[in-house]
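Subject: Structure handover

Hello,

Please find below the structure that I am passing on to you. My notes on it follow.

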Amino acid sequence: MLPSASIYGEIERPGVYPLTLGRDRLSDLVRWSGGFRPRANRSNMQLVRESLLGSAKDPEFERLVRLPRSEMTESEYAKFQTRLAETKNSFRVDCNRIQKSGSDIDPLLQPGDILLIDQLIPTV
């Protein structure tokens, strides 16, 4: 099986994309998926290192990870956030900062990585 990473949420073409280990970066995954939708929260994306989650797979979490936030109920979203918080291998990524700073802070992708892009919710 080829190494791959997934991207879901406020992105044009969510799904699974093949990787070249040691070369492909987070910004490549965003580009391959067609870029952000207009309401994407680019400054607060979540990178989950699924390859480190262990052997215990949670089918409900697997289902929720593929849903956009707008399609989740409040209880589903709470469960999703709780499960993500339980993993110590979840990172917040600011794509705007990556674009300004370049590859120095653009993470190399690992097999099984999942990138989640939530919808930007304007607040005052």
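Before the details, two notes on the source. This is a predicted model, in which local features need pLDDT of at least 70 and side-chain atom pairs count only at pLDDT 80 or more, while totals for chains, interfaces and linings use all residues. Residues are numbered from 1 along each chain as its sequence is written, and side-chain values use heavy atoms, with hydrogens and water left out.

Overall form

The C-alpha trace spans about 40 × 35 × 25 Å along its principal axes. The radius of gyration, taken over C-alpha atoms, is 14 Å, which agrees with the value near 14 Å for a compact globule of 124 residues. That globule rule is 2.2 Å times the number of residues to the power 0.38. Buried residues make up 42% of the 124 residues, where buried means under 20% relative accessible area, exposed over 50% and partly exposed in between (1.4 Å probe, protein chains only). Of the contacts (heavy atoms within 4.5 Å) with a separation of 6 or more, 67% are between residues 24 or more positions apart.

Strands

Two strands pair if DSSP finds at least two bridges between them. β1 and β2 (residues 15–18) run antiparallel and are joined by four bridges, and a hairpin links β1 to β2 through five residues. β1 is also joined to β5 by four bridges, but here the strands run parallel. Ile7 has a bridge partner in each case: Gly15 in β2 and Leu115 in β5. Leu115 is also the bridge partner of Leu47; β3 (residues 45–49) and β5 pair in the antiparallel sense over four bridges.

Is β5 mostly covered or uncovered? It is mostly covered, as five of its five residues are buried. Asp113, Leu115 and Ile117 point one way from the strand, and Ile114 and Leu116 the other way.

Cavities

The search of the whole structure gives two cavities of 30 Å³ or more. A cavity is a set of points on a 1 Å grid over the protein atoms alone where a 1.4 Å probe fits but cannot get out, and lining residues have an atom within 4 Å of a point. Points are joined across faces, edges and corners, and a volume is the space filled by probe spheres set on them. The largest cavity holds about 90 Å³. Its lining has 15 residues, with Leu67, Met72, Phe80, Leu116 and Asp118 nearest its centre. By class, ten are nonpolar, two polar and three charged (Ala, Val, Leu, Ile, Met, Phe, Trp, Tyr, Cys and Pro count as nonpolar, Asp, Glu, Lys and Arg as charged, the others, Gly among them, as polar).

Two residues

Leu67 sits in the loop between α2 and α3. Leu67 counts as partly exposed because its relative accessibility is 21%. Beyond neighbours within four places in sequence, Leu67 is in contact with Met72 and Glu76.

Ile98 is in helix α4 (residues 95–101). Ile98 counts as buried because its relative accessible area is 6%.

Regards

Methods
On a 1 Å grid over the protein atoms alone, a cavity is a set of points where a 1.4 Å probe fits but cannot get out, and a pocket is an open set with protein on both sides within 12 Å along at least five of seven lines; lining residues have an atom within 4 Å of a point. Helices (H or I, at least four residues) and strands (E, at least two) are DSSP runs, numbered from the N terminus.
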